[in-house]
Amino acid sequence: MTRALPDELLKLPHRTEVPFAKLTTLGVGGSCRWLFEPTTELEAQAFVRACARESLPYRVLGGGSNLVILGDIEAPVLRLRFPPDLRRMGLKLSAPASFGHIRMAQGAAKEGLSGMEYASGIPGTTGGALRMNAGAYGTELVDILDTYRFLTPEGELVEKRPEPGEFKYRWSFLTGGHVALGFTVHLVEGDRGRIEAQVAANMEKRGSSQPLSQRNAGCIFKNPAGQSAGRLIDQCGLKGFRVGDAEVSPEHANFLVNHGHATAAEFAELMDLVRAKVLESHGIDLEPEVEIWRAG
Ligand SMILES: Cc1cc2nc3c(=O)[nH]c(=O)nc-3n(C[C@H](O)[C@H](O)[C@H](O)COP(=O)(O)OP(=O)(O)OC[C@H]3O[C@@H](n4cnc5c(N)ncnc54)[C@H](O)[C@@H]3O)c2cc1C
């Protein structure tokens, strides 16, 4: 049964029954029963504090580019909608957590600041990137992170420098009700033309190796140590395998794509099938790289 939300939460900006198809890059999932969209840090803090007081679990959504949603989500979902304020202070650049990660990389390039080129093909928000410690081409966000701001699950605002153990490969401790609010990166002076060319080249490289014309959530499974998940899936002959509108991309086997009307059930079936086939053929149990939200 749906739990009633306290009045102090309902006073905050929110929408109801928003389809996850509109909130995620994959476009699969049910309905988001409560979508809270604060436009200031104070509103975000009021949301977290109200949930903490009521012991009400909630989820945090960024650009939805690393998520597979399998059903309706009844828990309140927080999606930051802060003003898009990209700020330069010398060699440092800061952005709120709702700012686009690619847009920040492009902004750095425009300023002639080098260090964020790796991010030029990674969709989603900077908040999602911080939570995931997103990275590519041997660089990850923590490598250039100067300071970051977040709310604890109790709603306390913290600003700090990164410390050992807080960020690992595609992981940070910012889970379980922590909310990233923004961060500052330290970059180096470079040649604007060269940096912009690198940003464009990274985008182009992805366009030729990933099925970017179809809805997807990036790589679905993590690469097992010393192996490529895509190659293992390909060796099982699964490229082009389809369950309804969900397909193992013929371009890149670790991308599962939505041809337009894939349902959560079709996606779940395809993921299970790929995993089972790789386990059967190679004895390797693939671990999802995407985060899966099951109904509830
Ligand atoms: C085509 C494509 C290519 C990709 N390539 C790469 C790549 O090269 N490297 C890479 O690392 N990733 C890649 N990804 C995955 C994805 O883009 C990154 O993980 C991205 O950083 C996720 O950001 P998001 O805002 O979309 O987060 P979401 O997908 O919305 O959320 C991901 C996780 O972050 C949490 N989260 C989101 N915002 C916040 C916040 N403000 N505070 C706390 N938690 C939050 C969510 O709860 C969830 O746990 C790719 C995805 C696609 C679709």
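1. Start with helix α3. The elements covering its buried residues include β7, β8 (113-114), α4, β15 and α5 (192-209). The model is a predicted one, and the points below should be read with that in mind. Helix α3 spans residues 101-110, and its buried residues are H101, M104, A105, G107, A108 and A109. After α3 comes G112, with a positive phi near 70°.

2. Next, strand β15, which is among the elements covering α3. Is β15 mostly covered or mostly open? Mostly covered: seven of its eight residues are buried. Strand β7 (residues 92-96) pairs with β15 in the antiparallel sense, over five bridges.

3. The ligand site. The ligand is surrounded by 32 residues, and the closest are V60, S65, T125, R206 and E291. By class, the shell holds 14 nonpolar, 14 polar and four charged residues. Among the elements, α4 (126-132), β9 (135-136) and β15 (179-186) each give at least two residues to this shell. Which of them supplies the largest share? Helix α4 does, with five residues.

4. A backbone N or O atom of G63 lies 2.8 Å from a ligand oxygen. For N66, a polar backbone atom is 2.8 Å from an oxygen atom of the ligand. For P123, the distance between a polar backbone atom and a ligand oxygen is 3.1 Å. On its own the ligand has 970 Å² of accessible area, and the protein covers 93% of that.

5. T125 deserves a separate look. This residue is one of the closest to the ligand. T125 sits in the loop between β8 and α4. Buried or exposed? T125 counts as buried, because its relative accessibility is 13% and the cut-off for buried is under 20%. A polar side-chain atom of T125 lies 3.0 Å from the backbone nitrogen of G128. Setting aside neighbours within four places in sequence, T125 is in contact with G62, G63, A97, S98, F99, G100 and H101. Two of these names come up elsewhere: G63 has a backbone atom at 2.8 Å from a ligand oxygen, and H101 is one of the buried residues of α3.

6. Backbone angles to check. Most residues other than glycine have a negative phi. N133 is not a glycine, yet its phi is positive, about 45°. N133 lies in the loop between α4 and β9. With 0% relative accessibility, N133 counts as buried. R170 is another non-glycine residue with a positive phi, near 50°. The place of R170 is the loop between β13 (167-168) and β14 (171-172). R170 is buried too, at a relative accessible area of 18%.

7. The four-strand sheet. Four strands make an open sheet with mixed pairing, in the order β1-β2-β5-β3. Which strands stand at the edges? They are β1 (14-19) and β3 (59-60); each has a single partner strand, so one side of each is left without a neighbour in the sheet. The pairing of β1 with strand β2 (residues 31-36) is antiparallel and runs over five bridges. V18 stands opposite C32 of β2.

8. How does β4 run relative to strand β21 (residues 291-294), parallel or antiparallel? The two are parallel, joined by four bridges. L70 stands opposite R294 of β21. E291, among the residues closest to the ligand, falls within the range given for β21.

Note on methods. Residues are numbered from 1 along each chain as its sequence is written. This is a predicted model: local features need pLDDT of at least 70, side-chain atom pairs count only at pLDDT 80 or more; totals for chains, interfaces and linings use all residues. Side-chain values use heavy atoms; hydrogens and water are left out. A residue is near a molecule or strand if one of its heavy atoms lies within 4 Å of it. A polar contact is a pair of N or O atoms within 3.5 Å; within protein, one must be able to donate a hydrogen and the other to accept it, and residues adjacent in sequence count only if both atoms are side-chain atoms. Accessible areas come from the Shrake-Rupley method with a 1.4 Å probe; for residues, only the protein chains shown count as cover. Ala, Val, Leu, Ile, Met, Phe, Trp, Tyr, Cys and Pro count as nonpolar, Asp, Glu, Lys and Arg as charged, and the others, Gly among them, as polar. Buried means under 20% relative accessible area, exposed over 50%, partly exposed in between (1.4 Å probe, protein chains only). Two strands pair if DSSP finds at least two bridges between them. Contact means heavy atoms within 4.5 Å.
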